[in-house]
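Hello,

Here is the structure we talked about. Please look it over first; my notes follow below.

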Amino acid sequence: MDDLVTGDAVVLGLRPARLPSRALAFVLDLAVYFTGYLLITLALALATASLDEAALAAVAVASFLLLLIGVPVAVETLSHGRSLGKLACGLRVVREDGGPIRFRHALVRGAMGAVELLGTFGTVACTASLVSERGRRLGDVFAGTLVVRERVPGSRVAPVPAPPPWLAGRFTGLDLSAVPDGLWLAVRQYLTRMDQLHPQVGAEMAVKLADELVARTGARPPAGVPAAAFLMAVVHERQSRDAARAFGATGAGTAVPPAAATVPVVAPVVAPVVAPAPVAPYVPPVPAAPVVPPVVPPVGPGESVRGGGFAPPG
């Protein structure tokens, strides 16, 4: 990794390209340009067959300079330092301050490349690249450029350690809106690398970061809580809030838009409830008295039935 300082005093961490990757990119570019040179030379030979030898030589030199010098210069200028070979190898030509190159940078590199690459079959360029600390050839030195690697393997981000169980949920009411992103980044970097620090240095850094968090939030941690544990609990609380804001509100993994909080809530219209008419209580009917037939006394022998009626013969 090479630290380049820009004009704004910003340090850029770039990886200069070394000789093997640059040589492979040059071979790919040369194969493409040489193929195009042969095709155009054949077409010009058929088109200028009636010219004399001097004219044919002039056309050959012009086509050579145009295809092997002019075309690479135009490609690097328009693509900001990414030719076909460099694009395939993940390389890019930049200025010494890390900015994109312009026409003058590409012109100087192309003119010097015709001498140190094509004229000496790459001997001078390989020697200069091996001697240079940044792997630059003479064209890069005179043009003030640098070939860097764009495809750099990314480092795995270590997770933040979980806080102690007895601190879970202790900072739910903490106001974290005044904490800047730079302080969050510093706390996260400390928590992911605190095992690599000296114990005394790590403790001092934890106390310093905890004091900054306390100054931003306005709430002090409970007594007896270590500074590192306090930082873990606060970061865990912020992650929980972010997760709840992103996933908990909708349940579908999408955040609720901010405008939803300002939409007035209209109460639903409820139809009036009409009470039913009162119903008389049910009274069971009184059963009628049973009809008892009259009791007729039996008639003895020789007695007649009183009150008339049919009497059997004697």
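Predicted model: local features only at pLDDT ≥ 70, side-chain atom pairs only at ≥ 80, totals over all residues.

The patch covers about 330 Å² and is made by Val124, Leu138, Val141 and Phe142. Val124 sits in helix H5 (residues 123-131). Its relative accessibility is 31%, so Val124 counts as partly exposed. Patch members need over 30%, and Val124 has 31%.

Next, the aromatics. How many aromatic pairs does a search of the whole structure find? The search returns one. Phe34 and Tyr37 form this pair, with 6.4 Å centre to centre and 35 degrees between the planes. That geometry is classed as tilted. Both residues belong to helix H1 (residues 19-47). They are three residues apart there, so about one helical turn separates Phe34 from Tyr37. An α-helix has 3.6 residues a turn, so residues three or four places apart point the same way. Phe34 is partly exposed, at 42% relative accessible area. Tyr37 counts as buried, at 16%.

Last, helix H7. This helix runs over residues 181-193, 13 residues in total. From first C-alpha to last, H7 reaches 18 Å, close to the 18 Å expected at 1.5 Å a residue. Which residues of H7 are buried? They are Leu183, Trp184, Val187, Tyr190 and Leu191. These residues cover an arc of only 130 degrees around the axis, so they lie on the same side of H7.

Best wishes

Note on methods:
Residues numbered from 1 in each chain as written. Heavy atoms only, no water. Helix = DSSP H or I, 4+ residues; strand = E, 2+ residues; numbered from the N terminus. Expected span 1.5 Å × (residues − 1). Buried < 20%, exposed > 50% of the residue type's maximum accessible area, 1.4 Å probe, protein only. Arc of directions from axis to C-beta. Phe/Tyr/Trp six-rings, centres within 6.5 Å; stacked < 30°, edge-to-face > 60°. Patch = residues over 30% accessible without salt bridge, like charges linked within 9 Å, V, L, I, M, F, W, Y side chains within 5 Å. Areas by Shrake-Rupley, 256 points an atom, 1.4 Å probe, with all protein chains shown as cover. Salt bridge = Lys/Arg side-chain N within 4 Å of Asp/Glu carboxyl O.
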